[in-house]
Structures are given as structure tokens and as C-alpha cells.
Amino acid sequence: MIKKHRHFIIHKPWGMISQFVNPAKRKKKLLGDLYDFPDGTMAIGRLDVASEGLLLLTTDGKVSMKIRSTKVEKEYYVQVDGIITQEAV
């Protein structure tokens with residue numbers, strides 16, 4: 001029997017850890033709190049706790065590895081509060 005993998009696109013809210021397991025036992029919400037994802041679901045990359053935005057999830061480790069590789073170009077947009085100095089850049 002061939003296992004069918006699942007893929008998800010979600011919006012990770014601010015204050016949530018981009019993981020399904022919390023090894024540090026912090027009192028932060030986990031991705032698994034958003035939905036009852038199938039066993040083996042993993043985030044493809046991560047967003048910091050203080051970030052929100054699009055996050056890809058999959059049950060296929062090969063897909064995750066391919067997307068995280070340098071062969072796939074990634075582009076990020078960021079919105080910040082205040083004025084960014086050249087020194088900060």
C-alpha cells in the first residue's frame with residue numbers, strides 16, 4: 001500500500017511556536033493546537049514566535065528537505081515598527 005502524504009498551507013499566528021512538540025515545556029501554543037493534523041506532520045521551515053505568516057506543513061520528509069534546500073528560491077517580506085537604520089540593516 002502506498003502512503004498518501006498530506007500538505008497544508010496555514011497562517012501561523014503571532015506567539016505560536018512553529019513546532020508540534022515543545023521540548024522546553026514553554027507555555028506557548030504549538031501548531032498542533034490549530035488543527036488535528038495527521039501523525040508525522042512537520043513544518044517546512046519555521047517562523048519565530050514573534051512572527052506571523054504563511055507556513056507550509058507536510059507529512060513528506062522528502063518534500064520538506066527539497067523545499068528547505070538552496071535549490072528552491074525563497075523570498076521574504078517583512079513589516080516592522082519604526083524606522084530601520086542602515087546600521088540595523
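Let me start with Val80, which is found in the segment after helix H1 (61–68), where helices (H or I, at least four residues) and strands (E, at least two) are DSSP runs, numbered from the N terminus. This is a predicted model, in which local features need pLDDT of at least 70 and side-chain atom pairs count only at pLDDT 80 or more, while totals for chains, interfaces and linings use all residues. Residues are numbered from 1 along each chain as its sequence is written, and side-chain values use heavy atoms, with hydrogens and water left out.

Val80 counts as partly exposed because its relative accessibility is 45%; buried means under 20% relative accessible area, exposed over 50%, and partly exposed in between (1.4 Å probe, protein chains only).

Now to the aromatic residues. How many aromatic pairs does a search of the whole structure find? The search gives 4 aromatic pairs, a pair being rings of Phe, Tyr and Trp (its six-membered ring) with centres within 6.5 Å, and with planes under 30 degrees apart counted as stacked, over 60 as edge-to-face and the rest as tilted. One of these is formed by Phe8 and Tyr35, a tilted pair at 6.4 Å centre to centre with 55 degrees between the planes. Because Phe8 lies in strand E1 (residues 7–12) and Tyr35 in the loop between strand E3 (29–30) and strand E4 (42–44), this pair ties together parts that are 27 residues apart in sequence. Phe8 counts as buried, at 12% relative accessibility, whereas Tyr35 is partly exposed, with a relative accessible area of 48%. Tyr35 also pairs with Phe37, and since the ring centres are 5.2 Å apart and the planes stand at 70 degrees, that pair is edge-to-face. Phe37 counts as buried at 10% relative accessibility, and Phe8, Phe20, Tyr35 and Phe37 together form one aromatic cluster.

Let me turn to the strands, which are said to pair if DSSP finds at least two bridges between them. E1 and strand E5 (residues 53–58) pair in the antiparallel sense over 6 bridges, and Ile10 stands opposite Leu55 in E5. E4 and E5 also run antiparallel, joined by 3 bridges, with Met42 opposite Thr58 in E5.

Lys3 and Glu52 are 49 residues apart in sequence, and they lie 31 Å apart in space, C-alpha to C-alpha.
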